[in-house]
Amino acid sequence: MSQINYSEKIPNNVDLANDRTLQRALEHWQPHFLQWWHEMGPSDFEAADVYLRTAVSVDAQGWAQYGAVHMPDYRWGIFLADRVASRKIGFGDRMGQPVWQQVPGEYRSTLRRLIVTQGDTEPASVEQQRLLGHSCPSLYDLRNLFQVNVEEGRHLWAMVYLLHAHFGRDGREEAEELLARHSGDADKPRILGTFNEPISDWLSFFCFTYFTDRDGKFQLKSLAESSFDPLARTCRFMLTEEAHHMFVGETGIGRVVRRTLQAMQELGTDEAQALRGQGVVDLPLLQRYLNFWFSSSLDLFGSEVSSNAASSFANGIKGRPDETTQYQDHLCTDATYELQTPDAEGGLQKETVSLRNAMNEVLRVAYVRDCEIGLKRWNMQIQKAGHDFRLKLPSTRFRRSIGAWANVPTDLDGRIIAREEYQRRLPERLPTPADRTYVQSLMQRVSTPGKMAGWIAPPDRGINNLGLDYEYVRLS
Ligand SMILES: [Fe+2]
Ligand SMILES: [Fe+2]
């Protein structure tokens with residue numbers, strides 16, 4: 001098991017001290033990263049003491065330690081999960097051959113693109129969440145936001161390490177570009193659409209960590225199967241941190257629901273205006289936020305039918321999530337996949353494609369199933385409180401920008417409708433400007449230890465066995 005030496009300038013478990021060239025390259029990148037964090041990271045909280053978890057080893061038992069840290073001093077260690085001895089390629093045309101410790105020349109540009117695309121999302125989300133600290137509903141939530149932020153920073157480091165270690169000069173240039181693109185920037189936006197959407201309120205933050213970090217989980221899971229072993233090991237370790245990001249989303253939305261149900265009980269009504277008078281989030285408004293972030297996150301999986309996805313599978317570059325444990329057929333040479341796609345006349349057609357070409361869709365379907373879990377839990381609360389309302393994931397056809405359903409007007413159940421009707425009914429289905437203004441009006445900072453904003457219930461427990469009234473962030 002590899003321990004991390006935190007006295008090093010760049011803490012790592014990749015034996016950086018014995019690769020002087022790589023160490024120098026990363027030490028050159030480090031001040032650029034810190035400058036980026038200063039300019040684009042959480043604004044105005046550099047002096048705050050934040051109770052953070054820091055990864056200190058890749059051992060599943062006791063991999064992290066907790067303590068008060070200034071965020072700019074958080075040590076963004078580079079970690080690869082421990083090597084699995086004599087690991088073999090687990091799928092595709094080269095199944096059974098030893099995994100690669102170096103990038104094969106013929107896959108260099110494909111692997112670089114995958115790593116850059118994954119790497120780009122990490123700083124993007126920090127940028128998106130930059131201003132949220134000013135309107136935190138509690139110190140507990142503020143700490144969770146910052147925990148997510150510093151770990152996304154570490155994920156960026158992990159990807160930059162791969163670029164520097166395995167892609168030479170191109171890799172170093174890509175690492176600089178990761179700090180030059182910015183979320184929502186008109187000239188140099190982030191690569192993927194969802195990562196350019198503003199996150200200006202905490203309801204959006206919880207939806208983002210629920211839906212978009214979960215996309216991250218599935219991308220990481222499929223890259224953790226990669227034949228390029230350093231990438232697989234990096235992603236495997238990132239998954240341990242990702243779980244907390246989704247926890248923040250799931251429990252955040254669950255607490256919003258709980259608080260709203262209390263207000264519904266007190267007022268004896270589910271009428272939106274009455275609830276808004278009480279300063280809580282009515283459930284149809286929450287549903288519109290879910291519709292927005294879910295549909296946006298679905299596009300991150302790419303087109304239903306994709307020759308890129310097929311060759312990444314064939315070449316062993318990107319597998320399915322849990323490829324080794326969840327599937328019998330790891331070759332998928334003869335298997336097919338059935339899709340329903342829109343035809344030219346506004347109807348539906350059945351398409352049978354090779355399974356390899358449908359890998360994006362396989363991933364998306366697994367993701368949607370995972371998304372359902374939280375909805376079940378939230379709906380359980382609503383049901384227990386005696387209400388008929390149910391939160392629901394919209395159809396995967398709704399409001400898509402990429403793939404077979406891109407720009408096809410459908411209702412929430414995925415039925416194709418006239419464009420005019422689609423436009424007319426959008427205010428029922430997506431957050432309206434009035435919704436957003438209302439949510440924004442709730443965003444008032446609460447920073448007394450143990451106190452919560454009125455629109456969200458307290459969590460069930462604190463961090464790392466500490467009480468809810470613990471001062472998770474010392475602002476002074
Ligand atoms: Fe991440
Ligand atoms: Fe994340």
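Q: What makes the lining of the largest cavity four nonpolar, no polar and three charged residues by class?
A: Happy to start there. This is a predicted model, where local features need pLDDT of at least 70, side-chain atom pairs count only at pLDDT 80 or more, and totals for chains, interfaces and linings use all residues. Residues are numbered from 1 along each chain as its sequence is written, and side-chain values use heavy atoms, with hydrogens and water left out. The lining consists of Asp49, Tyr51, Ala68, Tyr470, Glu471, Tyr472 and Arg474. Ala, Val, Leu, Ile, Met, Phe, Trp, Tyr, Cys and Pro count as nonpolar, Asp, Glu, Lys and Arg as charged, and the others, Gly among them, as polar. The result is therefore four nonpolar, no polar and three charged residues.

Q: Why is the pair of Phe205 and Phe206 called tilted?
A: Rings of Phe, Tyr and Trp (its six-membered ring) pair if their centres lie within 6.5 Å; planes under 30 degrees apart are stacked, over 60 edge-to-face and the rest tilted. Phe205 and Phe206 have ring centres 5.7 Å apart and planes at 45 degrees, so the pair is tilted.

Q: Why does Trp36 count as buried?
A: Buried means under 20% relative accessible area, exposed over 50%, partly exposed in between (1.4 Å probe, protein chains only). Trp36 has 3% relative accessibility, so Trp36 is buried.

Q: How do you know that the charged end of Arg214 sits over the ring of Tyr210?
A: The rule asks for NZ of Lys or CZ of Arg within 6 Å of the ring centre and within 35 degrees of the ring normal. For Arg214, the distance to the centre of the Tyr210 ring is 4.2 Å, and the charged end is listed as sitting over that ring.

Conventions. Chains are lettered from A and ligands numbered from 1 in the order in which they are written. On a 1 Å grid over the protein atoms alone, a cavity is a set of points where a 1.4 Å probe fits but cannot get out, and a pocket is an open set with protein on both sides within 12 Å along at least five of seven lines; lining residues have an atom within 4 Å of a point.
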